[in-house]
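Several terms used for protein structures rest on a stated threshold.

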Amino acid sequence: MSTQTWAEPYKIKMVELIKMTSREDRLAAIEKAGYNTFLLRSEDVYIDLLTDSGVSAMSDRQWAGIMMGDEAYAGSRNFYHLRDTVEEYYSYRYTVPCHQGRGAENILSQILISPGDYVPGNMYFTTTRLHQELAGATFVDVIIDEAHDPESEHPFKGNVDFDKLDALVDEVGQDKIPYICIATCVNMAGGQPISLENLRQVRAWCDRHDVMLVHDMTRVAENAHFIQQREDAYKDKTVREIVYEICDLTDAATMSSKKDAMVNIGGFLAMNDAKFYEKACGLVVVYEGLHTYGGMAGRDMEALAIGITESVQDEHIHARVGQVQYLGRKLREAGVPIVNPIGGHAVFLNASKMLAHIPQEHFPAQALSAALYVDSGVRSMERGIVSAGRNKETGENYKPNLELVRLTIPRRVYTQAHMDVTVGAVTDVMEQRSTIKGLRFTYEPEMLRFFQARFEPI
Ligand code: F0G
């Protein structure tokens, strides 16, 4: 089969109809939503690129798995299937199901962090950093500088900068660092991978300093695809083999299965250490559910186990990332400033460049995301200063270099024509950009403010 094409290795068996709206409808809807795309009704959206989380299309096999749910309170057959699948594909010996990724982050943070600790990571993720902070830790960004530069073409912008890690040890001492959190295909950097070479060095660093290595494996299959494409030593390995090798280098993992593994809900905390597992079992019953379901129905654990096996198939991930690359290339050809290289799950528009007339304090990415919706019904998400939030000590806004709008592609959902419509919508907005105004808060939630904040035009 030609590798020049990213054509989908599946065909469509069922469709969901979507509503077409007028510009007037959308203007009213965005005002009602306080210029926050999270507060729109999904019915009012034409092409929904808000997120790739929980919105993928399940396969006929996954739906068949739904019918095989064993809804026993304790010891569901589907839990054992999930546990065995995690060990077979991801290497981790113990699995604690959770309702989704942040459930696992909560349990992990409570167990491993003591107040006053520092947790280094290859860029922050919103919920991950919040759970670290709620447990009393300070997050420290140790990703390479190139990751903060939307123009840099570095092939592995998810890599760790060891000077930054060493500087942290010099400053606070290794005893204050319970673990390092490494995300694969770093979301906030633009869906950018870490190389296996760099991860191996992180492993060695952790061994030298007696620090645990925790893996945010939410998009590990996409990362493995980039390793196969860009890291010479791995060009003949399968994505499944690379995924296993990545996981095998780490001690524990949090997983939001709503992404890679193509389920609508679910996640887990996984690890190799029996004592850690025992503690996690003690906490999962407090926050999620019994350790053999952790907030998931039996049927959902079954769909997840099957989704894991589908997510690491080469032809699947080739088409999945291929579609994202297609959208990114078309936008670039149209002269739209985007984050380079194009990511694994999304194309990120460079809002500070597109809306250079709006200062960062007036939320250019938020304004761009709202304008894009009004123009065409395409829903995107702000990933800039609003998402970054405030420093918990000083109350000051974090001011990320990356002021972005994310066009996130659900897996197996939209067609090439939908991607073409999206390109048309973004170029429309580009042409009218001088008419877009900055925003100010009318309501600012204390935590994870981007989800529920409301704005008005300045
Ligand atoms: N880690 C990463 C890298 C994520 O992207 C997410 C979720 C989580 C953890 C938390 O998982 O949502 O299941 O609780 N990201 C979604 C997004 C929400 O749209 O990027 P969760």
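The questions and answers below concern this predicted model.

Q: Why is Glu133 counted as buried?
A: Buried means under 20% relative accessible area. Glu133 has 17% relative accessibility, and therefore counts as buried. Glu133 is placed in helix α5, residues 126-134.

Q: What does Glu133 touch, leaving aside residues up to four places away in sequence?
A: Glu133 touches Lys392 and Tyr398. Contact here means heavy atoms within 4.5 Å.

Q: How do you know whether Ala252 is buried or exposed?
A: The relative accessibility of Ala252 is 0%, so Ala252 counts as buried. Ala252 is found in strand β7. Not counting residues up to four places away in sequence, Ala252 touches Tyr92, Met212, Leu213, Val214, His215, Ala270, Met271 and Phe276.

Q: What span is expected of helix α3, and what does it reach?
A: Helix α3 covers residues 77-90 and has 14 residues. The expected span is 1.5 Å times one less than the number of residues. For α3 the expected value is 20 Å, and the helix reaches 20 Å from its first C-alpha to its last, close to expectation.

Q: Which residues of α3 are buried?
A: They are Asn78, Phe79, Leu82, Thr85, Val86, Tyr89 and Tyr90. They are placed on the same side of α3 because they cover an arc of only 130° around the axis. An α-helix has 3.6 residues a turn, so residues three or four places apart point the same way.

Q: What do the buried residues of α3 pack against?
A: Their partners are β2 (94-98), α8 (220-230), α9 (239-248), β7 (252-256), β8 (267-271) and α11 (298-311).

Q: What is found at the start of α3, and what just after it?
A: At the start, a side-chain oxygen of Ser76 reaches to within 3.1 Å of the backbone nitrogen of Asn78. A polar contact requires a pair of N or O atoms within 3.5 Å. Just after α3, Ser91 takes a positive phi of about 80°, although Ser91 is not a glycine. Ser91 lies in the loop between α3 and β2. At 10% relative accessibility, Ser91 counts as buried.

Q: What makes the buried residues of α6 line one face of the helix?
A: The buried residues of helix α6 (residues 162-172) are Phe162, Leu165, Leu168, Val169 and Val172. Seen down the axis of α6, they fall within an arc of 120°, so they line one face. On the other side of α6, Asp163, Asp170 and Glu171 are exposed. The elements covering the buried residues include β3 (118-121), β4 (138-141), β5 (179-183) and α7 (196-209).

Q: Which residue caps the N-terminal end of α6, and how do you know?
A: Asp161 is the cap: one of its side-chain oxygens lies 2.9 Å from the backbone nitrogen of Asp163. The cut-off for a polar contact is 3.5 Å. Just after α6, Gly173 takes a positive phi of about 85°.

Q: Which residues are the closest to the ligand?
A: Of the 17 residues that surround the ligand, the closest are Thr51, Arg102, Asp216, Ser256 and Lys259.

Q: Where does a polar side-chain atom of Gln100 lie relative to the ligand?
A: That atom lies 2.8 Å from an oxygen atom of the ligand. An N or O atom in the side chain of Asn187 is 2.9 Å from a ligand oxygen. For the side chain of Arg406, the corresponding distance is 2.7 Å. The protein covers 95% of the 470 Å² of accessible area that the ligand has on its own.

Definitions and conventions: Residues numbered from 1 in each chain as written. Predicted model: local features only at pLDDT ≥ 70, side-chain atom pairs only at ≥ 80, totals over all residues. Heavy atoms only, no water. Helix = DSSP H or I, 4+ residues; strand = E, 2+ residues; numbered from the N terminus. Buried < 20%, exposed > 50% of the residue type's maximum accessible area, 1.4 Å probe, protein only. Arc of directions from axis to C-beta. Polar contact = N/O pair within 3.5 Å; in protein donor to acceptor, adjacent residues only side chain to side chain. Near = heavy atom within 4 Å. Areas by Shrake-Rupley, 256 points an atom, 1.4 Å probe, with all protein chains shown as cover.
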